Amino acid sequence: MQPFELTDLGAGTKEMMLNMGPQHPSTHGVIKFVLRMDGEVVAALDPDVGFLHRSIEKIAEKLSYPDFMPYTDRVDYVAAMNCNFGYARVVEKLMKMEVPKRAEYIRVIVAELNRISSHLVSVGTFGNDIGAVTPFLYAIRDRELINDLLEMLCGARLTYNFVRIGGVAFDLPDTFKEKAIAFLDTLEPKLKEFNTLLSENRIFRERLAGVCVISKEDAVAYGVTGPNLRGSGVDWDLRRDEPYSVYPEVSFEVPVGGGLVGKVGDAFDRYWVRIKEMQESAKIVRQCLEQIPEGPIMAKIPRVLKPPAGDAFDRTEAPRGELGYYLVSDGSSKPQRLKIRTGSFAAVSIIPKIAPGWMIADIVALIGSLDIIAPEIDR
Amino acid sequence: MVQSMKRYVGNVGNTTLTVLKGLRVTLINLFRTPITIQYPEVDIRQKDLKAFGYKGPLGPLPDRFRGFLHVNPEICIACDLCMKACPIDCIRIESTKIDKTTIQGKDGKAVNKVKHPVRFDIHLGKCMYCGLCVEPCPTGAISFSKEFEGATSTLNTLVVHFAEPKGLPVREATIL
Ligand code: SF4
Ligand code: SF4
């Protein structure tokens, strides 16, 4: 990477180059930002990614289709269920496979629970970045209950490896429904508490109002997706606009940023969309638990999966934006090529565009509000 | 002048108010049941955490918990399905032919056993606890235990030999 050319500002002052990361608490993993600073103000910013590269896409070419499933957990370990889900869907699309209704419902339940837990981490760490440490502990406390639920379902707390090509690995345990509903009942008051603690706090609001605004046009042009796109006021959600799985059978709202305290598309809007989304996800889980039919949880699949030669692309709405898998098959039992498109990568690409002109402390707010995590950027 | 003065005082008042509201939440929380499980004083492998004096909402390890793998070589038919299913090849099985016996399978059906494992190594240091090896096993010989405390001072001890007569030399962890 080329170091910046530093301009002489006259009167004996000069621009300064600053390395932020790779071990910086606000970068949420190992990402490095190289900044050209004019005093406190950022003149230019260059993200340096790749510290967490594990060549997951290459590993896919060496493994059979079902064997790759545990690796998708590691694409985004904060929302592993959603990554499992996306991969299973693309292979099913390539093989033109029908998935049992019950399995689809279970997938949506776990994906939405995982979305809640992922957003809890996101808003918690965001508060932490801005300087509010207490709300982080509140968020982690509530996430622990989701971890317990998912652990009861599949035995793991983080890397679930739960969704299978053609269905899911386990059926819901007997007590799952009542425990999940009990959790959802407590989530609503706890979110309210969280809002009193953080979202309604005047200092927090003023700190984020109008900071690092991403305009509608920029967000679309840079391919920013998910809550970051909706925070900029674009009403677009794959779950509603390009419905997949059983999302057409449940009703939910898509929260969009509206400039609640500052301008549309500022850091607070992106944060607020996540808080709202948690409530909507809770609604979806409730409906799914009510509507879930009886039946098998796995489709009949051959012992060795050999999809026909060809390619398929499928995208789903993951907590950090659209998660796309592009799969090329040559008719053998291993993929010829797998490309993973993640929301964080697009989000990190817009930072150099937004950052100049803001103070360094606002860059921390920008990174936190975009909710980027390193494994998703690097894969 | 009076206007901006009023706004200033209003802002300060509002800020103080919202901070106090937040402090009220933390104060309430001071009187709630603690959610933290005091591991290792509380043994989370036991079913009943109340016996240890834990009153919070978290539960013990569930039945499906994925701890260290455990193998029962007596009912293993050495079909190698688990070895083939593992994405990172951390299982190694060698077997000999034996006289045919039948074993009760996982789904209730009888399974013929014509081979017996003489070597069944699992490298727990490499294993990612994904569970892909447990699923295809016809007899349920390989399963997850609830053990999870794996700290050890040598790498070799992480290679567990399940079907081996005692007293054989410990193999290097790298051979798997
Ligand atoms: S749990 Fe996964 S990684 Fe571990 S031995 Fe089984 S298949 Fe291999
Ligand atoms: S799948 Fe089960 S029976 Fe077959 S070799 Fe593995 S442990 Fe033994």
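Modeller: Let's start with Arg286(A), which is partly exposed with a relative accessible area of 32%. One thing to keep in mind as we go: this is a predicted model.

Biologist: Got it. Which residue does Arg286(A) form a salt bridge with?

Modeller: The general idea is that side chains of opposite charge can pair when their charged atoms come close. Here, the partner of Arg286(A) is Asp185(A), and their closest N and O atoms are 2.9 Å apart. This pair links distant parts of the chain: Asp185(A) is in helix α6 of chain A and Arg286(A) is in helix α11 (residues 267-291), 101 residues apart. Asp185(A) has 42% relative accessibility, so it counts as partly exposed too.

Biologist: How many salt bridges are there over all chains?

Modeller: The count comes to 46. Take Arg107(A) and Glu92(A): their closest N and O atoms are 2.6 Å apart.

Biologist: Are Arg107(A) and Glu92(A) buried or exposed?

Modeller: Use the cut-off again. Arg107(A) has a relative accessible area of 0%, so it is buried. Glu92(A) is at 5%, so it is buried as well.

Biologist: What about Arg315(A), which residue does it pair with?

Modeller: Arg315(A) makes a salt bridge with Glu242(A), with 2.7 Å between the closest N and O atoms. Arg315(A) belongs to strand β8 (residues 310-318) of chain A, while Glu242(A) is in the loop between α10 (238-241) and α11, and the two are 73 residues apart. Arg315(A) is partly exposed at 27%, and Glu242(A) is partly exposed at 36%. Salt bridges can also share partners: Glu112(A), Arg115(A), Arg230(A), Asp237(A), Arg239(A), Glu277(A) and Glu317(A) are joined that way into one network.

Biologist: Over in chain B, what does a nonpolar surface patch look like?

Modeller: Look for Met1(B), Val2(B), Met5(B), Tyr8(B), Val9(B) and Val12(B), which together have about 690 Å² of accessible area. One of them, Val9(B), is in helix α1 (residues 2-30) of chain B. Val9(B) has a relative accessible area of 51%, which is over 50%, so it is exposed.

Biologist: Now the ligands. What surrounds ligand 1?

Modeller: To read a ligand site, list the residues around it, then sort them by class. Around ligand 1 you'll find, among others, Cys86(B), Cys90(B), Cys127(B), Cys130(B) and Cys133(B), along with Tyr129(B). By class, that shell has 11 nonpolar, one polar and no charged residues.

Biologist: And how many residues surround ligand 2?

Modeller: There are 14, and the closest are Cys76(B), Cys79(B), Asp80(B), Cys82(B) and Cys137(B). They divide into 12 nonpolar, one polar and one charged.

Biologist: Last topic: the backbone. What is the phi of Tyr129(B)?

Modeller: Phi of Tyr129(B) is near 55°, a positive value in a residue other than glycine. Tyr129(B) is in the loop between β3 (110-123) and β4 (142-144) of chain B, and at 22% relative accessibility it counts as partly exposed. Chain A has a case as well: Asp371(A) isn't a glycine, yet its phi is positive, about 55°. Asp371(A) is in the loop between α13 (360-370) and α14 (374-378), and it is buried, at 2%.

Biologist: Where is there a cis peptide bond?

Modeller: Between Tyr39(B) and Pro40(B), where omega is about 0°. To find the spot, go to the loop between α1 and β1 (69-71) of chain B, where Pro40(B) is.

Note on methods. Residues numbered from 1 in each chain as written. Chains lettered and ligands numbered in written order. Predicted model: local features only at pLDDT ≥ 70, side-chain atom pairs only at ≥ 80, totals over all residues. Heavy atoms only, no water. Patch = residues over 30% accessible without salt bridge, like charges linked within 9 Å, V, L, I, M, F, W, Y side chains within 5 Å. Areas by Shrake-Rupley, 256 points an atom, 1.4 Å probe, with all protein chains shown as cover. Salt bridge = Lys/Arg side-chain N within 4 Å of Asp/Glu carboxyl O. Helix = DSSP H or I, 4+ residues; strand = E, 2+ residues; numbered from the N terminus. Buried < 20%, exposed > 50% of the residue type's maximum accessible area, 1.4 Å probe, protein only. Near = heavy atom within 4 Å. Nonpolar A, V, L, I, M, F, W, Y, C, P; charged D, E, K, R; others polar.
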